Amino acid sequence: MKDYEKKKAHLLTTQGVHCPVCFKKFVESDRIELAHRLRKDNPHVKMFGLSVIDHVSNLAATHKNCNSAVLINRATDPIQAHEKVVDILSQIMLNDPLVFEYKALMKAFDNIERRYIVNIVSVSQYEILENFFQHYRDL
Ligand SMILES: [Zn+2]
């Protein structure tokens, strides 16, 4: 199974077999797309890297017409955007703390603006990441 299909299968398991935008159940004839929450464009890929942007937590399985509705606009909603990056970095670390490419993730971490991390869970995740990357910087 290709990565794309794996992600789609995972999302349909976790979000359920309905579209998170219009809440309609997917039917066989629907063309289901993987919609990015943080946009997959050059600025975002440069700032946060593909492992964050293409992470399953940055995706939603939607109808083609519903795709753009899951978008998190970093300019108008920086808190949600930054907390999404913190959440994804935390998940990557938890799932694979030893072998992941920490340099790319460190770059993503360095591009998080601390002032936009306000949610209590995100703050503690942020602090764990800060300690973690500090350790790598010291190596
Ligand atoms: Zn839909």
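Tutor: What follows describes the domains, their contact and the core. The model is predicted: local features need pLDDT of at least 70, side-chain atom pairs count only at pLDDT 80 or more, and totals for chains, interfaces and linings use all residues. Residues are numbered from 1 along each chain as its sequence is written.

The protein is divided into domain 1 (3-70) and domain 2 (78-138), with bounds from an automatic or database domain assignment. Their centres, taken over C-alpha atoms, are 22 Å apart. Ten residues from domain 1 and 14 residues from domain 2 take part in the contact, where two residues touch if their C-beta atoms, placed from the backbone, lie within 7 Å. On the domain 1 side, helix H2 (42-48) and helix H3 (50-53) each give two or more residues; helices are DSSP runs (H or I) of at least four residues, numbered from the N terminus.

The largest nonpolar core has 17 residues, and those with the most contacts inside it are Val52, Val85, Val86, Leu89 and Ala108. Such a core is a set of buried Ala, Val, Leu, Ile, Met, Phe, Trp, Tyr and Cys residues joined through C-beta atoms within 7 Å, buried meaning that 20 or more other C-beta atoms lie within 10 Å of a residue's own. Two or more residues come from each of H3, helix H4 (78-95), helix H5 (102-110) and helix H6 (120-138), and H4 gives the most, with six residues. Leaving aside neighbours within four places in sequence, Leu89 is in contact with Val52, Leu105, Ala108, Phe109 and Leu129.

Notes: A residue is buried if 20 or more other C-beta atoms lie within 10 Å of its own, exposed if 12 or fewer, and partly exposed in between; C-beta atoms are placed from the backbone.
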